[in-house]
There are 2 protein chains.
Amino acid sequence: MPRTGRRPGATQTREQILDAAREQFADKGYNGTTIRGIARAAGVDPALVHHFFGTKEDVFTAAMQLPLNPREALWRVIGQSEGDRAETIVRFFLSIWEDPEGRAPMLAMVRSATTHEPATRAIREFMETVILNHVATNAEVSPLRASMMASQLFGMVLLRHIIGVQPLASATPEEIVQIYTPALRAVLEPPQPPEGASEVT
Amino acid sequence: MPRTGRRPGATQTREQILDAAREQFADKGYNGTTIRGIARAAGVDPALVHHFFGTKEDVFTAAMQLPLNPREALWRVIGQSEGDRAETIVRFFLSIWEDPEGRAPMLAMVRSATTHEPATRAIREFMETVILNHVATNAEVSPLRASMMASQLFGMVLLRHIIGVQPLASATPEEIVQIYTPALRAVLEPPQPPEGASEVT
């Protein structure tokens, strides 16, 4: 058989690193975990962790089996979109949750976040440190508004995919885009007060 | 000691009925459970269940230790409010979640809904049959929009109270009202299309 690009044992080493990473994230939270600490726990060199995965954010993405790196995903929708940002965000968020294969690990993550304190802390810190910071910075929206956008989007996941409340559970993505976009826009882009009114936001 | 209004054993009988009710709801869902079935499982007369609790909705409220009957709560905010309905709904929803004592059993309910299939089914059916139907009927909003309003509100609970994502977790109710009201309004009351535009909702 021809040799593949990977050296023998690479898969096993990757798994060893990811197991160590999951333990470290559960134990120390997202912020308290370092590449160095993961490497030490896995008994490998930190450079190898970098080599296999990249940044801590990438290790978390791989450890949680998320279908894509949130930073790259957010950059694609927020950093580069022309036109209606709110609609782009709703469409993109729906698209990653509509794929059953990508959805399963994300559902597992949300379920853990609601029930296991160690997982809750890691996921909370990951959301705050990575996702919301990127949104706040790149979308020029306050961290509070960014966290409220996240609450709108994850609320949809909770009712549609986790609890399965009808008719939301069987609505088409297009129906959701039509109704949810104006709502997300109201959080993303505060309505301008009418002439002469006092500023409330 | 003076006799209280309740006959001896009433507390025990109530608990017996509530235990039976929790089992029935978990086993048969909300829709499949009847007062008669709960009474049979508890070994009491159906009239006694009615006497202690009222309707099936009231039994569910008591079994889940919810701080108030959702039907009455919804009637208070939707059936009678004058002025800004979206703001009234956001304020009322916040008020019941801000009280730590009332919050605990509701958090337990949301957590069960995300993790235990029998609880998920009972809670899903309760939301669909009781809450969303009341909203759709009394607020004259489509069931799809009603379920999306619920997703906005429970998304806030998920991030603020369950995962604890900052800065939402420590925002004041007033900050939330200011940002969330326009979003909820966009779902509750579809924006009118501008003159000459085609209807999209």
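Predicted model: local features only at pLDDT ≥ 70, side-chain atom pairs only at ≥ 80, totals over all residues.

Q: Which kind of pair do the rings of B:Tyr30 and B:Phe60 form?
A: The ring centres of B:Tyr30 and B:Phe60 are 5.4 Å apart, and their planes stand at 90°. Planes over 60 degrees apart place a pair in one class, and therefore the pair of B:Tyr30 and B:Phe60 is edge-to-face.

Q: How many residues apart in sequence are the parts that the pair of B:Tyr30 and B:Phe60 ties together?
A: B:Tyr30 belongs to helix H1 (residues 10–32) of chain B, whereas B:Phe60 belongs to helix H4 (residues 56–63) of chain B. The pair therefore ties together parts whose separation in sequence is 30 residues.

Q: Is B:Phe60 buried or exposed?
A: The relative accessibility of B:Phe60 is 0%, and the cut-off for burial is under 20%. B:Phe60 therefore counts as buried.

Q: Which helix of chain B holds B:Phe126, the residue that the pair links to B:Phe60?
A: B:Phe60 and B:Phe126 form a stacked aromatic pair, with 4.1 Å from centre to centre and 20° between the planes. This pair links distant parts of the chain, 66 residues apart, with B:Phe60 in helix H4. B:Phe126 lies in helix H8 (residues 117–138).

Q: Which residue lies over the face of B:Tyr30?
A: B:Tyr30 counts as buried, at 4% relative accessibility. At 4.5 Å from its ring centre, the residue over the face of B:Tyr30 is B:Lys56.

Technical notes
Residues numbered from 1 in each chain as written. Chains lettered and ligands numbered in written order. Heavy atoms only, no water. Phe/Tyr/Trp six-rings, centres within 6.5 Å; stacked < 30°, edge-to-face > 60°. Helix = DSSP H or I, 4+ residues; strand = E, 2+ residues; numbered from the N terminus. Buried < 20%, exposed > 50% of the residue type's maximum accessible area, 1.4 Å probe, protein only. Lys NZ or Arg CZ within 6 Å of the ring centre and 35° of its normal.
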